[in-house]
Amino acid sequence: GFAASRLSLGVANRAFRLAGATWVLSETMHASGFCDEDKCVPEEARPWIGILREKLVRQSARVRRIARRIWDQDRIREIAQRDEVVAGGFAAGAFVGFVV
């Protein structure tokens, strides 16, 4: 539990920092007028922006469905009730990992 929580928090933290930095950079460039869509994106590449947005939304929904299937609350509850000691140890380790 401890190792899993530390690993997942580390990866999530890096991903959010990278996404945040990318967003701030793009907003700064857009607000300054340095990289407006009209200037930075060639005319022949503009249809691809809509396609990429659509693909990103579709992939996000797919990941969400897969995550809900894997981490189904009823399934987790069933496993926790079957192996109470293991579940308690995992929860305690995850709690310590999140706090530390």
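**Close-up views of the model**

**Ser 26 sits in helix α1.** Helices are DSSP runs of H or I with at least four residues, numbered from the N terminus. This is a predicted model, in which local features need pLDDT of at least 70 and side-chain atom pairs count only at pLDDT 80 or more, while totals for chains, interfaces and linings use all residues. Residues are numbered from 1 along each chain as its sequence is written, and side-chain values use heavy atoms, with hydrogens and water left out. Ser 26 has a relative accessible area of 36%, so this residue is partly exposed (buried is under 20%, exposed over 50%, partly exposed in between, with a 1.4 Å probe and protein chains only). If you look along the chain to Ala 4, 22 residues away in sequence, the C-alpha atoms of Ser 26 and Ala 4 are 33 Å apart in space.

**Here we look into the largest pocket, which holds about 440 Å³ of space.** A pocket is an open set of points on a 1 Å grid over the protein atoms alone, where a 1.4 Å probe fits and protein lies on both sides within 12 Å along at least five of seven lines; lining residues have an atom within 4 Å of a point. The volume is the space filled by probe spheres set on the points, which are joined across faces, edges and corners. Fourteen residues, that is 14, make up the lining, and Trp 71, Ile 76, Ile 79, Ala 87 and Phe 90 are those nearest the centre of the pocket. The elements giving two or more residues to this lining are α1 (2-32), α4 (73-82) and α5 (84-99). Helix α5 contributes the most, with five residues. Sorted by class, the lining has 10 nonpolar, two polar and two charged residues (Gly counts as polar, and the charged class is Asp, Glu, Lys and Arg).

**This view shows the salt bridge between Arg 58 and Glu 54.** Their side chains meet at 2.4 Å, N to O, and a search of the whole structure finds one such bridge (a side-chain nitrogen of Lys or Arg within 4 Å of a carboxyl oxygen of Asp or Glu). Both partners belong to helix α3 (residues 46-70) and are four residues apart, about one turn of the helix. Arg 58 is partly exposed because its relative accessibility is 44%; Glu 54 is partly exposed too, at 46%.

**A nonpolar patch on the surface brings together Phe 2, Phe 95, Val 96 and Val 99.** Together these residues have about 400 Å² of accessible area, from the Shrake-Rupley method with a 1.4 Å probe. Patch members have over 30% relative accessible area and no salt bridge, and nonpolar side chains are joined within 5 Å. Three residues, the largest share, come from α5.

**Gly 93 and Leu 52 make a friendly pair to visit: Gly 93 is buried, whereas Leu 52 is exposed.** Gly 93 belongs to helix α5 and has a relative accessible area of 15%. Its C-alpha is 15 Å from that of Asp 83, 10 residues away in sequence. Leu 52 belongs to helix α3, and its relative accessibility is 56%. From Leu 52 to His 30, 22 residues apart along the chain, the C-alpha atoms are separated by 19 Å.

How values were computed. Patches are made of residues with over 30% relative accessible area and no salt bridge: like charges are joined within 9 Å, nonpolar side chains (Val, Leu, Ile, Met, Phe, Trp, Tyr) within 5 Å.
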